[in-house]
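User: I have a two-chain model open and want to go through a few contacts with you. Can we start with the side chains and then do the interface?

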There are 2 protein chains.
Amino acid sequence: MASPKQTLRAVDDNARRLAKTLLRTARYAGLGHLDVDDGSPVVSRVNVATCMDGRIGFLISELSPHFDALVADPRCSVLLGEPGKGDPIAHPRLTIIGRAHRIVESVEQQRFASRFLRKHPKSSLYAEFADFAYWRLTPQRALLNGGFGKAYELTQRDIQTNVDGLDDLEGMEVGAITHMNEDHRDAIDLYSARLGLKPMSGWELISLDPEGFDLAQRDETARLWFDCPIKSADELRPVLISIAREARLGNN
Amino acid sequence: MASPKQTLRAVDDNARRLAKTLLRTARYAGLGHLDVDDGSPVVSRVNVATCMDGRIGFLISELSPHFDALVADPRCSVLLGEPGKGDPIAHPRLTIIGRAHRIVESVEQQRFASRFLRKHPKSSLYAEFADFAYWRLTPQRALLNGGFGKAYELTQRDIQTNVDGLDDLEGMEVGAITHMNEDHRDAIDLYSARLGLKPMSGWELISLDPEGFDLAQRDETARLWFDCPIKSADELRPVLISIAREARLGNN
């Protein structure tokens with residue numbers, strides 16, 4: 001029997017959006033690394049979060065084999081996106097291939113740790129242990145499989161988010177998130193409604209970036225995309241207000 | 001802050017049982033392979049099933065990058081076991097490391113295809129396409145992580161099932177399964193009850209081996225272990241009857 005030839009599809013905005021949604025909402029990944037002794041490709045599981053620029057980061061212990069493996073050879077990949085009902089390989093997944101390095105610079109570490117721990121509050125039980133460290137994967141390319149026969153090869157540019165000149169947004173992220181979660185739960189409920197999330201309330205804002213923000217509730221995550229990427233931290237507040245206003249109008 | 005030192009635990013029967021349960025019940029895996037061009041460790045997703053001896057097999061298309069990668073270098077690994085609620089890395093998972101080869105021998109292929117397609121009935125939509133082929137991973141070793149701080153390194157012997165002298169069991173598997181599913185749904189309901197499965201009926205027997213058998217319903221799988229491994233095909237029927245009888249007594 002002949003099969004329809006599976007060729008790579010041309011990368012378009014839908015593919016980029018799907019890939020970025022997978023990477024922004026992923027809670028864990030299969031981490032591919034090279035065995036220290038024999039170079040075999042080994043897959044382990046890590047909890048993940050993103051940096052504001054879309055790079056995947058993770059928290060691992062130096063007592064684990066993947067830690068030594070990445071110290072010896074930084075080449076690695078992460079498989080993101082979990083199957084739902086039905087045929088597992090009918091569900092979209094993304095493999096990001098690149099090199100991982102420990103995050104050593106203290107501001108970067110602080111910023112990533114804060115995003116990571118909002119996505120993984122239970123990791124705070126061990127994140128401070130001396131043997132744990134945050135690592136970050138700088139992508140070289142990515143393979144998106146959007147389901148049977150929908151394969152794409154993406155570049156670093158396709159899956160990363162431009163944060164040039166947005167250091168002020170990174171600096172204010174924690175404050176903005178805390179403010180929204182503490183003082184504007186009504187707005188967050190409106191974002192949840194716009195995304196059609198269930199339950200309709202109880203979600204928390206956990207991270208934001210120039211292209212949108214991420215919500216979480218227990219083990220669930222969701223992503224809301226801005227219509228256009230914001231260009232400065234000053235644009236954040238009006239955008240958040242305008243999305244809530246549109247959602248309120250949509251509800252009435 | 002000091003961390004409790006994560007050392008490998010001594011492998012015991014509980015660890016072996018957990019590892020084998022993960023590999024027998026897994027529906028899909030993260031497949032680690034070496035990129036054909038640059039040798040990077042890449043992770044993709046594949047649907048999996050087991051051979052009767054416990055080796056993991058999968059169905060892949062020669063149009064996919066992992067197919068070419070495994071042709072070029074058979075070294076690979078599979079990550080099995082999916083997280084449930086709470087911290088993803090608190091849930092058990094198993095990495096099996098070894099070499100994968102296409103299953104070419106026709107009886108072996110038929111036997112594995114039959115097990116695979118009972119676990120993945122939707123794969124029958126494409127399993128016969130000319131570009132698809134069944135592959136099998138011969139393990140060299142495995143890493144079991146039973147949750148935080150519970151790490152084990154297992155040998156091939158720890159995770160495989162001895163089928164020496166049991167070719168007759170392999171030969172009768174399809175017939176026995178069909179007979180059970182068609183004529184003894186009452187017994188299967190008793191097995192489901194013994195395992196505490198929900199819903200309590202509607203499960204099907206999908207594979208059996210000397211150490212137990214596997215049930216499936218939609219996207220769920222479950223494993224029932226025999227008290228002792230059976231030594232010949234003749235022992236199968238009395239064992240199946242005795243488990244059903246015990247379960248019936250347990251219910252009354």
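Salt bridges, rings and the interface

User: What is the relative accessible area of E204(A)?

Analyst: E204(A) has a relative accessible area of 36%, so E204(A) counts as partly exposed. Keep in mind that this is a predicted model.

User: Which side chain does E204(A) meet in a salt bridge?

Analyst: The partner of E204(A) is R185(A), at 3.6 Å from N to O. The two sit in distant parts of the chain, 19 residues apart: R185(A) is in helix α6 (residues 185-194) of chain A, and E204(A) is in strand β8 (residues 204-209) of chain A. R185(A) is partly exposed too, at 30% relative accessible area.

User: Why would side chains like that pair at all?

Analyst: Opposite charges on side chains can pair when the charged atoms come close.

User: How many salt bridges over all chains?

Analyst: There are 38.

User: Moving to chain B. What does R115(B) pair with?

Analyst: R115(B) forms a salt bridge with E173(B), 2.7 Å from N to O. That joins helix α3 (residues 106-119) of chain B, which holds R115(B), to helix α5 (residues 167-183) of chain B, which holds E173(B), across 58 residues of sequence.

User: Are those two buried or exposed?

Analyst: R115(B) and E173(B) are both buried. For E173(B) the relative accessibility is 3%, and the limit for buried is under 20%.

User: What other salt bridge does E173(B) form?

Analyst: E173(B) also bridges to R118(B), where the closest N and O atoms are 3.6 Å apart. R118(B) is in helix α3 of chain B and E173(B) in helix α5 of chain B, so this pair ties together parts 55 residues apart in sequence. R118(B) is partly exposed, with a relative accessible area of 21%.

User: Which residues are joined into one network by salt bridges that share partners?

Analyst: R24(A), D209(A), D214(A) and R223(A) form one such network.

User: What does V48(B) touch, leaving out residues up to four places away in sequence?

Analyst: Its contacts include Y28(B), I56(B), F58(B), L80(B), F116(B) and H120(B).

User: Aromatics next. How many pairs over all chains?

Analyst: The count is 16 aromatic pairs. One of them is F116(A) with Y134(A), an edge-to-face pair at 5.5 Å centre to centre and 70° between the planes. F116(A) is in helix α3 (residues 106-119) of chain A and Y134(A) in strand β6 (residues 132-145) of chain A, so the pair connects parts 18 residues apart in sequence. Both F116(A) and Y134(A) are buried.

User: What about Y191(B) and F213(B)?

Analyst: Y191(B) and F213(B) make a tilted pair, 4.9 Å between centres and 50° between planes. Y191(B) lies in helix α6 (residues 185-195) of chain B and F213(B) in strand β9 (residues 212-217) of chain B, 22 residues apart. The relative accessible area is 0% for Y191(B) and also 0% for F213(B).

User: Which residues form an aromatic cluster with F116(A)?

Analyst: F112(A) and Y134(A) form one cluster with F116(A).

User: Now the interface. How much area do chain B and chain A bury?

Analyst: They bury about 4600 Å² between them, with 58% of it on carbon and sulfur atoms. P41(B), V43(B) and R45(B) supply 17% of what chain B buries against chain A, more than any other three residues. The contact takes 55 residues from chain B and 56 from chain A.

User: How many salt bridges and polar contacts cross the interface?

Analyst: There are 4 salt bridges and 20 residue pairs in polar contact. β2(B) gives the largest share of the side of chain B that touches chain A, 7 residues. By type, that side has 24 nonpolar, 16 polar and 15 charged residues.

User: Where is S40(B), and what does it touch on chain A?

Analyst: S40(B) is in the loop between β1 and β2 of chain B and is buried at 1% relative accessibility. Its contacts include R75(A) and I97(A).

Note on methods: Residues numbered from 1 in each chain as written. Chains lettered and ligands numbered in written order. Predicted model: local features only at pLDDT ≥ 70, side-chain atom pairs only at ≥ 80, totals over all residues. Heavy atoms only, no water. Contact = heavy atoms within 4.5 Å. Buried area = accessible area lost by both parts, 1.4 Å probe. Polar contact = N/O pair within 3.5 Å; in protein donor to acceptor, adjacent residues only side chain to side chain. Helix = DSSP H or I, 4+ residues; strand = E, 2+ residues; numbered from the N terminus. Nonpolar A, V, L, I, M, F, W, Y, C, P; charged D, E, K, R; others polar. Phe/Tyr/Trp six-rings, centres within 6.5 Å; stacked < 30°, edge-to-face > 60°. Buried < 20%, exposed > 50% of the residue type's maximum accessible area, 1.4 Å probe, protein only.
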